[in-house]
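This report describes a structure in terms of its chain contact, its domains, its helix packing and its backbone geometry. The sequence and structure come first.

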Number of protein chains: 2
Amino acid sequence: MTQSFHPPVRTLMGPGPSDVNPRILEALSRPTIGHLDPAFVGLMNDVKRLLQFAFQTRSALTMPVSAPGSAGMEACFVNLISPGDKVIVAQNGVFGGRMKENVERCGGKAVMVQDGWGMPVDPQKVEDALNTHPDAIALAFVHAETSTGARSDAAALCQLAQAHEALSIVDCVTSLGGIEVDVDGWGADAVYSGTQKCLSCVPGISPITFSERAQETIRKRSHRVQSWFLDMELVMAYWGENTQRAYHHTAPVNSIYALHEALIVLEEEGLENAWARHQANHLALAAGLEALGLELIVPRHSRLPQLNSVTVPDGVNEAVVRRQLLDEFSLEIGAGLGPLAGKVWRIGLMGYASSHKNVLFCLGALEAALNRSGGVAEARAVYSSL
Amino acid sequence: MTQSFHPPVRTLMGPGPSDVNPRILEALSRPTIGHLDPAFVGLMNDVKRLLQFAFQTRSALTMPVSAPGSAGMEACFVNLISPGDKVIVAQNGVFGGRMKENVERCGGKAVMVQDGWGMPVDPQKVEDALNTHPDAIALAFVHAETSTGARSDAAALCQLAQAHEALSIVDCVTSLGGIEVDVDGWGADAVYSGTQKCLSCVPGISPITFSERAQETIRKRSHRVQSWFLDMELVMAYWGENTQRAYHHTAPVNSIYALHEALIVLEEEGLENAWARHQANHLALAAGLEALGLELIVPRHSRLPQLNSVTVPDGVNEAVVRRQLLDEFSLEIGAGLGPLAGKVWRIGLMGYASSHKNVLFCLGALEAALNRSGGVAEARAVYSSL
């Protein structure tokens, strides 16, 4: 007979999932009720309102997609892009590449604007592309590149899209709850996020929001949305305002309990306080890393506080160090992806995991693993000789 | 400030979600670990093996899709159907209609074979359609129609598909764990299920399996799968055998804990014992309903033990009765869908909820709600006069 699985207790300081607040795990395990239960319908209204608060939007088409962030991304593209549509895609890491895949699988044409991995998206290049391709119907970019830790100027990029009468599609998977996301202020048209980053909720749900302009585009489609599961017109019969909450698919009830609790935690702290906490812990971590002789790959003004990519020093095997952190300290940090594989570590300070305690713990563990001199490494040497 | 959500404790005897075993809720709330953690990779291997056991298949392409059953359905269609493909779709309820939607959104042509709602799929009609359309590349049907409670002969239908060199795509959302599902024995090519029915797990995950023949079709595709999120060739880099478990999307880690525990519960009971329990409780419920003068809509030999559709008696408002059961007894049963809306109740006896206790409780509550004479109704009258 198979044994029940009892996971090791980790400290999750990689690119996500981040440590889940125990309050949220407890909410997750409350008794399941039906997805059409009147009590659940009340919860859905709460979740919508709290997501509007987190995204800073008044849009009625704001809801959680019943699948991870990649499906949230796909929901934005399949509902807005029709065959033949041209989309400017700014790429400065893994997720811009995934956007390109999405455009192409919708039968659209992606015009790529490339920036270096670790750099923010350059608004000038985007403007040039919009000028060169006045027929582009959308601009897609990543606000917070999880693969590098670079933060792009979402306000400026959304404004460029608007000025060129293109829709903006914005990946806020890693930004929501960690740095300012101001959907209505930016004038963003389609925004998706994830639960497992700065919301410190379990992975598996993707909050999304569509502007009035995006909703108009959806209503005017002539080509049917290629995904039944992600077709917003169908989904909204269940999640929409003033509807009968008609059955579309079975909502992931317990995951919605968890998301609700995670959003309450954010509401209790306040958006500005959450952003300030992420920033303060990032500065402490960055100072500590610098003292260890380690360098962050992203220029100072474009660093995401919640995701810190660190150059692996010459002669160090990055995988061995990560495995040592996992085995000896039960601490997870992330590896590099794509061209950064083997070259960087990605240290997350997301949501509940963005704490003084974790900053000091991670620095101490990393120092010990790197066998550097210093207080923590010496203490560890004493312990292991006892 | 928003208050935490504390759900009412229901007894879930509708079409799903069904009551979740407390063991599974507890597993769900265990600490989150990374989706690339070596400990999680071990769990994934367990889950694959247990799903192979539940589906009765040796197929290596057996895994949980990170989204509800509707996405599992979509995963089967988008990976196997290319534009222009003709698919025979047998419809005898809601979910055959959804299959048609899927075929069409893949650019395929659906040839519909209709049977009455409450009746099983007629193999003769399917054979006729396969003869009339020898160019059909697939036959799609629902094994256990959740909207009616009818069971179709999956073995016979899959055999017909094979004889006509068509792939078989089978909806086993409500059957898995409740009645025999014998994927390899049937020779089924693509099968999807859900977690929230007879596995008594939380909603949100869809187990799927593809035969060797289906995998060959996927490998030979010339038209790219229209969904990035559900593209099996990409997903398998994470879930496949002997792979590096390369990142595709962030797995819903805690939901996988829960599915793992649910499958262990099934393994401990044994498939045959689980089916026998479902059947015994169904017979008891059916006898009790008959004693109350209520009729099941499905012919006796085609009844699903886990989903019992009952004709609402003349003059009874079905919605009022359901609301009364919910408010007075915290008991959820389901409404009719489509042409059966207002005409039937759907009483589920799925997984953990398929118990002697629930049969008696449901009969008593229904009797009381229908204001019939009888022991339970009289007892209730006494209580309410105290």
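Predicted model: local features only at pLDDT ≥ 70, side-chain atom pairs only at ≥ 80, totals over all residues.

What is the handedness of the crossing in which α3(A) passes α4(A)? The crossing is right-handed.

## Helices α3 and α4 of chain A

The axes of α3(A) and α4(A) cross at roughly 40 degrees and come within 9 Å. α3(A) is therefore oblique to α4(A), since angles under 35 degrees count as roughly parallel and 65 to 115 as roughly perpendicular.

From α3(A), the residues A:Met73, A:Glu74 and A:Phe77 take part in the contact. They meet A:Arg98, A:Met99, A:Asn102 and A:Val103 of α4(A). By class, the contact of α3(A) with α4(A) has four nonpolar residues, one polar and two charged.

## Helices α11 and α13 of chain B

In chain B, helix α11 (residues 271–291) packs with helix α13 (residues 356–369) at an angle of about 15 degrees, and their axes are 9 Å apart. Because angles under 35 degrees count as roughly parallel, α11(B) and α13(B) are roughly parallel to each other. Their crossing is right-handed.

The α11(B) side of this contact consists of B:Asn281, B:Ala284, B:Leu285 and B:Gly288. Facing them in α13(B) are B:His356, B:Val359 and B:Leu363. The contact of α11(B) with α13(B) divides into four nonpolar and three polar residues, with no charged ones.

## Contact between the chains

Chain A gives 63 residues to the contact and chain B gives 64 residues. On the side of chain A that touches chain B, at least two residues each come from α1 (22–28), α2 (38–55), α3 (69–80), α4 (94–105) and α10 (253–269). The largest share, nine residues, is supplied by α10(A). This side of chain A holds 28 nonpolar, 21 polar and 14 charged residues.

Chain A superposes on chain B by a rotation of 180 degrees with 0.0 Å of shift along the axis, at an RMSD of 0.0 Å. That relation is a two-fold axis. Both copies use the same surface, as 100% of the contact residues of chain A recur in chain B.

## Domains of chain A

Chain A is assigned two domains, domain 1 (22–267) and domain 2 (271–385). Taken over C-alpha atoms, the centres of domain 1 and domain 2 of chain A are separated by 29 Å.

Within chain A, 21 residues of domain 1 are in contact with 22 residues of domain 2. The side of domain 1 of chain A that touches domain 2 of chain A has nine nonpolar, nine polar and three charged residues.

## Backbone geometry

Most residues other than glycine have a negative phi, and most peptide bonds are trans. The following sites depart from these patterns.

A:Gly16 and A:Pro17 are joined by a cis peptide bond with omega of about 5 degrees. A:Pro17 lies in the loop between β1 (11–12) and α1 of chain A. In chain B, a cis peptide bond joins B:Gly16 and B:Pro17, with omega of about 5 degrees. The loop that holds B:Pro17 runs between β1 (11–12) and α1 (22–28) of chain B.

A:Glu165 is not a glycine, yet has a positive phi of about 55 degrees. A:Glu165 is in the loop between α6 (154–163) and β8 (167–171) of chain A.

Technical notes
Residues numbered from 1 in each chain as written. Chains lettered and ligands numbered in written order. Contact = placed C-beta atoms within 7 Å. Helix = DSSP H or I, 4+ residues; strand = E, 2+ residues; numbered from the N terminus. Nonpolar A, V, L, I, M, F, W, Y, C, P; charged D, E, K, R; others polar. Least-squares fit on C-alpha atoms with pLDDT ≥ 70 in both. Domains from an automatic or database assignment. Axes fitted to C-alpha atoms, helices over the stretch in contact; angles between N-to-C directions. Parallel < 35°, antiparallel > 145°, perpendicular 65-115°, else oblique. Left-handed = near helix turned anticlockwise from the far one by under 90°.
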